Amino acid sequence: MITQSHHAESFRLVPATSTPVSPEKVASLLASEWELFTKNTKGSLAESARSMKSLPLGVTSSFQHWDPYPISIVSAQGAWMTDVDGRQLLDLSMGFGAMLAGHLNPVVVEEVKASLDTGMLFVTPSPISTDAAERICRRFGIDQVRFTNSGTESTMYAVRVARSATGKRDIVKVEGGYHGSYDPFVVSAKPKLDAAGDADFPTAVVDENLVAGNVHVVPYNNPESLEQIFAKHASTIACFIVEPVLENIGIVLPDAGYLERVRELCDQYGIVLIFDEVKTGLTAGHQGAAQRLGVKPDLITLAKSIGGGLTLAAFGGKQKYMDFVVNGKMAHFGTFNGNPLAMAGIRAVDKICTAETLAAAEALNQQALERISEIIEEYQLPAHTVGFGVKGCITWSTTPVRNYRDYKATDFGVAELSWLWSLNRGIITPPGLDEQWLISLAHGQKEIDILVEDFRSLAAALRS
């Protein structure tokens, strides 16, 4: 079998040999780890019971919930958080990139405090927002940008721009891809396989509460499928929206040449290409994923990493598309758009997220990936490592994950154990089974050593 190579600017190392892990061993360890979890988190249990009365599921965003209850955090500084039980937790989630600068980064705090001396909200044009826009355009190599307040807003408006520019309505998205909670983007975000149909031409799975319009779903890393959809429906397709690197299902890397072919096909069929960089952005490098991977989209969406932890997002791109905001065919509104506090976050991030500082964080991430790969090989674990920019993950599969169907074939039992094992030992990664870590500007050698040695202890337990 010939394994498709991944993009040269990304990392994946799949060991040549491995030995299966006993399901009984995994089940036994999971049982003892859940017992340990409930023993050490009485404060979070109480807080969860309290919050359930006023918040659905006891959380402010549904992904934050897990059974029996999530960890409740009271404060954070640098790379560390403190929970209601007084435990110090190494944060390797970092808000999916929103905390790339680290919790309470002093430059971010300084800029926000300075902003509070001039105003919190003007709802008028301001040199402050113009300065931020110039910084974003310069950094990400785009002509114009508009600010929003969430990734969902940005992807929604980018699609509206594409529809206005083309006069067409249909959307193409990737199976397993997530672009926020706008109705079309929830289609086939994580569909059940019994409803998803053929792997090469997936059925669009639409929840009953969605009014999605016409959404075509294609597999990631399958340009042949994309071309057939384009050839058949180009007259009605406005855009193809895709994360350049999928980060909703672990980390799924583009095959070498895949994104280049996507760009060619969009040009050939007159379809707007939107890169959703809400999760990649500056976590991919100091100019984002598009420039790092060498493929220029028509429109780009940004959030999380560009704001230093403040509520902020953006969409922008080529002048000829952003002109549809100018001519009124795609009106874009928002009271809090470009507010001074959010713009302070952009100024701070622009100062601190340099090529040098992000390269240093990426070097630490690369070290973690390589050391964990050695442990995987030493213990012959059925797993491999994947990395892009300052993010990394352990994928519990002996073959590369190139799309959603590959992801669904990974070992979720061991993935759950890996996440819970770390959580019980003071390391918090995103909840759920799509475990990935993020090395922020606040992480150092100490934190990398903790991450690596934690995994070594899990490997030893699995083989004991």
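Visitor: Is Asp-83 buried or exposed, and how do you know?
Guide: This is a predicted model, and in it Asp-83 has a relative accessible area of 2%. Buried means under 20%, so Asp-83 is buried.

Visitor: What makes the pair Asp-83 and Arg-87 a salt bridge?
Guide: The side chains of Asp-83 and Arg-87 meet at 2.8 Å, N to O. The cut-off is 4 Å, so the pair is called a salt bridge. Arg-87 has a relative accessible area of 18%, which is under 20%, so Arg-87 also counts as buried.

Visitor: Why do such side chains pair?
Guide: Side chains of opposite charge can pair when their charged atoms come close.

Visitor: How many salt bridges does the rule give?
Guide: The count comes to 22 salt bridges. One of them joins Glu-9 and Arg-292 at 2.9 Å, N to O. Glu-9 lies in the segment before strand 1 and Arg-292 in helix 10, so the pair ties together parts that are 283 residues apart in sequence.

Visitor: Why is Glu-9 called partly exposed?
Guide: The relative accessibility of Glu-9 is 34%.

Visitor: What does the salt bridge of Asp-255 and Arg-402 tie together?
Guide: The side chains of Asp-255 and Arg-402 meet at 2.5 Å, N to O. Asp-255 lies in the loop between strand 8 and helix 9, and Arg-402 in the loop between strand 13 and helix 14, so the pair ties together parts that are 147 residues apart in sequence. Asp-255 is buried at 5%, whereas Arg-402 is partly exposed at 23%.

Visitor: Which residues are linked in a network of salt bridges?
Guide: Arg-371, Glu-378, Asp-449, Glu-453 and Arg-456 are linked in this way.

Visitor: Which residues touch the most other members of the largest nonpolar core?
Guide: That core has 44 residues, and Trp-396, Trp-437, Phe-455 and Leu-462 touch the most other members. Several elements each supply at least two residues, including helix 1, helix 13 and helix 15. The largest share, eight residues, comes from helix 16. A second, separate core of 36 residues includes Val-172, Val-242, Ile-249 and Phe-275.

Visitor: What makes Ser-154 count as buried, and where is it?
Guide: Ser-154 is in helix 5. Its relative accessibility is 0%, and the limit is 20%, so Ser-154 counts as buried.

Visitor: What joins the side chains of Ser-154 and Thr-148?
Guide: A polar contact of 2.7 Å joins them, within the cut-off of 3.5 Å. The side chain of Ser-154 also reaches the backbone oxygen of Ala-314 at 3.0 Å.

Visitor: How do you know that strand 2 and strand 3 pair?
Guide: Four bridges join strand 2 to strand 3, and pairing needs at least two. The two strands run antiparallel, and Ser-75 stands opposite Thr-82. They form a hairpin with two residues between them, and Gly-78 in the turn has a positive phi of about 65°.

Visitor: How many bridges join strand 3 to strand 4?
Guide: Three bridges join them, and these strands run antiparallel. The partner of Met-81 in strand 4 is Leu-89. Their hairpin has four residues between the strands, and Gly-86 takes a positive phi near 85°.

Technical notes
Residues numbered from 1 in each chain as written. Predicted model: local features only at pLDDT ≥ 70, side-chain atom pairs only at ≥ 80, totals over all residues. Heavy atoms only, no water. Buried < 20%, exposed > 50% of the residue type's maximum accessible area, 1.4 Å probe, protein only. Core = buried A, V, L, I, M, F, W, Y, C linked by side-chain atoms within 4.5 Å. Polar contact = N/O pair within 3.5 Å; in protein donor to acceptor, adjacent residues only side chain to side chain.
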